[in-house]
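Here are my notes on this model, as numbered points. Please read them with the coordinates open.

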Amino acid sequence: MKIFPLSALRDNYIWTIAQGPACVVVDPGEARPVLDYLGKSGTTLSSILITHAHEDHKAGVAELAEKTGASVFGPRSARLTEVDRPLADEALVELPG
């Protein structure tokens with residue numbers, strides 16, 4: 001497993017967790033850095049994890065989900081419209097990929 005940041009916006013990072021041919025991204029504030037990474041690495045995006053509702057952490061989610069078919073996980077309590085796999089507080093999740 002490899003974990004590394006992708007620079008986003010002016011001062012944010014999108015965390016990428018890669019294992020084999022698939023990866024998960026955390027808080028994609030924009031889609032372009034992730035799409036560029038996927039194109040260069042040949043990796044597929046299996047899941048997206050949103051930690052909270054700030055726009056600079058979720059603005060790229062809709063585009064990424066549409067273009068890759070990735071599942072979107074996030075806290076149920078935040079009521080994020082982008083999330084298709086809501087998580088209960090303190091839930092333990094094994095992400096695909």
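1. Start with Lys58. In this predicted model, Lys58 is buried, with a relative accessible area of 14%. The cut-off for buried is under 20%, so Lys58 falls on the buried side.

2. Which side chains pair with Lys58 in salt bridges? One is Glu82, at 2.8 Å from N to O. Another is Glu55, where the closest N and O atoms are 3.8 Å apart. The salt-bridge limit is within 4 Å, so the Glu55 pair qualifies.

3. The two pairs are placed as follows. Lys58 and Glu55 both lie in helix α2 (residues 55-58). They are three residues apart, about one turn of the helix. Glu82 lies in the loop between β5 (71-75) and β6 (85-87), so its bridge to Lys58 in helix α2 ties together parts that are 24 residues apart in sequence. Glu82 is partly exposed, at 22% relative accessible area. Through shared partners, Glu55, Lys58 and Glu82 form one salt-bridge network.

4. The search of the whole structure gives four salt bridges. Among them is Asp36 with Arg32, with the closest N and O atoms 3.0 Å apart. These two residues are four apart in helix α1, which means a separation of about one helical turn.

5. Pro33, Val34, Leu35, Tyr37 and Leu38 are buried. The elements covering the buried residues of α1 include β1, β2, β3, β4 and α3. After α1 comes Gly42, with a positive phi near 75°.

6. Next, the nonpolar core. In soluble globular proteins, nonpolar side chains tend to be buried together. Here the largest nonpolar core has 20 residues. Val34, Leu38, Leu45, Ile48 and Leu64 have the most contacts inside it. Two or more residues each come from β1 (2-8), β2 (12-19), β3 (22-26), α1 (32-41), β4 (44-49) and α3 (61-68). Which element gives the most? That is α1, with four residues.

7. Ile48 deserves a look of its own. What does Ile48 touch, leaving out residues up to four places away in sequence? Its contacts are Val25, Pro28, Val61, Leu64, Ala65, Ala70, Ser71, Val72 and Phe73. One of these, Leu64, is listed with Ile48 among the core residues with the most contacts.

Conventions
Residues numbered from 1 in each chain as written. Predicted model: local features only at pLDDT ≥ 70, side-chain atom pairs only at ≥ 80, totals over all residues. Heavy atoms only, no water. Core = buried A, V, L, I, M, F, W, Y, C linked by side-chain atoms within 4.5 Å. Buried < 20%, exposed > 50% of the residue type's maximum accessible area, 1.4 Å probe, protein only. Contact = heavy atoms within 4.5 Å.
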